[in-house]
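Hi everyone, thanks for coming.

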Amino acid sequence: MAKSRSAPDIWLIVSILLILTIGLIMVYSASAVLSFNEFGDSFYYLKRQMLFALLGVGAMFLTMNTDYWVWRKISKPGLLICFGLLVLVLIPGIGVVRGGARSWLGISSFGIQPSEFMKLAMVIFLSKMLADRQGQITTFAKGLLPPLSIMGAAFGLIMLQPDLGTGTVMVGASLLVIFTAGARLAHLGSLALLGVAGLVGLVLAAPYRLQRITAFLDPWQDPLGAGYQSIQSLYAIGPGGLVGLGLGMSRQKYNYLPEPQTDFIFSILAEELGFIGGMTIILLFLVLVWRGIRAAITAPDSFGSLLAVGITGIIAVQVLINIGVVIGMFPVTGITLPLVSYGGSSLTLLLTALGILLNISRYSR
């Protein structure tokens, strides 16, 4: 393999840094009131987010300058470690419950989400696996079933927490990798029907998920319960209009919209910066996805191409679901907006993954 590399994709770098900068500004704006009420410090969430952003940018610089095929060599042990962490987090006394899910490992307010690491580990492993088996992916038993089984096992462990949002993002990005590798549409279509049946089963098995579905269809049926977040999100977006109420002028962040700095930060952004601000962040994500796809198309080998698709897929699927939830197109799932929402392990991991994508872009043909 030719190892001559050029400068990383400048469009990709600029879009990442602009989204990250907007995210830091919005984390402060969305969380200042909540931070002061809970901790007596308006900058509490911002300071923590800046710390993780610095760590993430450092990790991005490191992975950007590390040849991406290194990840091919450690893909299997990395996946096994992530499986081990997913099992560990389920053990009472070790895994930490937050927001109703046993998804965290850590002490006090500092912690990591193993499911976040699994998203990246899964796309790295599948990229290697499918690059090594290019001639078999069109067959079901030998080509498609093994990667789907591994993905299904990880999804099952994530659902035991339970964390449907993160599991959905991992499955979505993994299926993009599998499809790009050459899986037959007939096979994927048949499995999609089974997946829909399984999703219906998961929804019916947990009353709170069914409440989210009914609240999605008509949030005003239960305006103070299951439909509360959706209604408050729309109340934030509506008054924003074209140019918004002004940075820092949100009304919904005054304890009306729960956790405005995480899942529903786009609501506050649209309220304060309006349609123009919302479209600006969406266009920046579109640039990021465009350059990620370009890196995949121009990568010098199948592993690099599939890995670029997987990393870009993680971002694209997460953005699509988050904004869809915020504007009322999807039920509430608990998925953050990449690089924008508050969240330490998620932010650091995404920047690390984007560094790998930038390294792939350095070898574009």
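Lysine 253 is buried, with a relative accessible area of 5%; buried means under 20%, exposed over 50%, and partly exposed in between, using a 1.4 Å probe and protein chains only. This is a predicted model, so local features need pLDDT of at least 70 and side-chain atom pairs pLDDT 80 or more, while totals for chains, interfaces and linings use all residues. Residues are numbered from 1 along each chain as its sequence is written, and side-chain values use heavy atoms, leaving out hydrogens and water.

So which residue does lysine 253 form a salt bridge with? The partner is glutamate 272, with the closest N and O atoms 3.4 Å apart. A salt bridge here is a side-chain nitrogen of Lys or Arg within 4 Å of a carboxyl oxygen of Asp or Glu. Glutamate 272 is buried as well, at 0% relative accessible area.

A search of the whole structure finds 7 salt bridges. In another one, arginine 72 pairs with aspartate 132, the closest N and O atoms being 2.3 Å apart. Arginine 72 counts as partly exposed at 25% relative accessibility, and aspartate 132 is partly exposed at 42%. Shared partners join Arg72, Lys128 and Asp132 into one network of salt bridges.

Glutamate 116 and lysine 119 also meet in a salt bridge, at 2.9 Å from N to O, and both residues are buried.

Last, have a look at leucine 339. Leaving aside neighbours within four places in sequence, leucine 339 has contacts (heavy atoms within 4.5 Å) that include Ile16, Leu288 and Leu354.
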